[in-house]
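Please keep the sequence and the model in view while reading.

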Amino acid sequence: MDKFIVDGGIRLEGSITVSGAKNASLALMPTCLLTPDAFRLLNTPDNRDVLTFRRLLESMGITSAMDGHELTLDSSAINSHTAPYEHVKKMRASIYVLGPLVARYGKAHVSLPGGCNFGPRPVDLHLKGLERLGATITIEGGYINATAERLHGAHFHFDVSSVGATVNVMMAATLAKGETLLTNAATEPEVASLASMLVEMGAIIDGIGTTTLRIQGVDALHGVTTTTIPDRIEAGTFLIAGAMTKGDLTLENVEPLHLSAELQALQDAGCTIDTTANSIRVRMDANPEPVDITTTPYPGFPTDTQAQWAAFMLQAKGAARVRDTIYPTRFGYVPELQRLGADIETGEGYCVVKGGTRLTGATVMSSDLRASASLVMAGMIADGQTEVLRVYHIDRGYESIEHKLNAVGARIRRESTQEF
Ligand code: UD1
């Protein structure tokens, strides 16, 4: 297992190129199950989750090849419709194979994902949506069994806005017979980018980027070459890191509109932000004003950036409240930040960060992907050295984060460690 040794007291200055969006890639990759044609995904990030998804697809007979950031997938020799527990337990998004498999092959056998590090994450809406399209679903031995002759169009309303359920049901609806209407669909850019790719593949989808998706089913889809959108969560992480270190950081290959909530919060905290069509520059030279944030579905402040915001608020001139309405128990990083000297209180679904305490380097433990990022960031402003254990979490979603940050002034060293 690897750990990071992070030197405190650094300042980030320079330019970072943002990778393709992990969560977009994970949604684009399973579309290879909807067509026998090969296709290419450009700007694919080379991180652990993408690798895990490739291994899952390979276990089903799909060929995959990564050349730099160009991923080629070909499902013409598929020989299994099973997503085994050994893959699904590593990554919940593995469930994205369910919709395409039942839509195209009429059968799918997919392990239930189980719990995760920040509370219960049900998949009921994935299943209900597919049932509404005509799939028969049973659960047995920890597996979802889905079968269908051919799916048919229907109206399905998502009780809760869900990225994953929208992805699964929308993919399935593209090959269903007739029209599907999805209401209260997720509008995250990663969902919209999947919908646009499906249209390039021959699907008929109206309302892309809105909560109402109207899909006319087609008989077949074809392969395409498409470019993955920039990772707004990686970008948000680096922007906050730049501000925290009172730095001057420019991010290239970003879509500023995808970060509207984060940019406004940074400006409210006192940062200077300049944007072009595909770059964002953040400058900060003082401690931030305390700024409360509340996570909500897109275009609100993302749950995937709340832990990083809490780390930023450790320097605030007062108390800031961080509320998560999507995952109300996603505060596992708080006791770790407290080990560095942070003054944070937690309540139901929120924490209050009282800025201004002295932070000193310590050994801390990553609990999930974004929590790990917040620990690295806090380490960069603490006195002395911070050891962040279990950085495999961070490797799931960030490509070479230490190299990217070291190139702009951070001092982060990766070491392997014997941890039991
Ligand atoms: C995706 C993102 C994850 C992000 C999350 C919220 C990917 C691979 N992951 O996860 O990084 O933190 O969106 O933006 O894109 N829910 C149900 N029933 C369901 C499904 C979800 O009640 O069947 C609830 C969840 O418990 C949660 C809310 O819906 O409270 C949103 O979750 P969802 O958007 O589905 O998250 P994921 O797709 O798992």
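## A covered helix

In helix H4, the buried residues are Leu98, Gly99, Pro100, Leu101, Val102 and Ala103; buried means under 20% relative accessible area, with a 1.4 Å probe and protein chains only. H4 spans residues 98–105 and is mostly covered, with six of its eight residues buried. Helices (H or I, at least four residues) and strands (E, at least two) are DSSP runs numbered from the N terminus.

The cover over the buried residues of H4 includes strand S7 (107–111), helix H5 (124–132), strand S9 (143–147) and helix H6 (163–173). Just after H4, glycine 106 adopts a positive phi of about 75°.

## Basis of the model

The model is predicted: local features need pLDDT of at least 70 and side-chain atom pairs count only at pLDDT 80 or more, while totals for chains, interfaces and linings use all residues. Residues are numbered from 1 along each chain as its sequence is written, and side-chain values use heavy atoms, leaving out hydrogens and water.

## A pair of helices

Helix H8 (residues 232–244) and helix H12 (residues 369–381) have axes that come within 10 Å and cross at roughly 20°; axes are lines fitted to C-alpha atoms over the stretch in contact, and angles run from 0 to 180 degrees between N-to-C directions. H8 is therefore roughly parallel to H12, a term for angles under 35 degrees.

The contact (heavy atoms within 4.5 Å) involves Ile233, Thr237, Ile240, Ala241 and Met244 of H8, together with Arg370, Ala373, Met377, Ala378, Met380 and Ile381 of H12.

Conventions
Buried means under 20% relative accessible area, exposed over 50%, partly exposed in between (1.4 Å probe, protein chains only). Angles under 35 degrees count as roughly parallel, over 145 as roughly antiparallel, 65 to 115 as roughly perpendicular and the rest as oblique.
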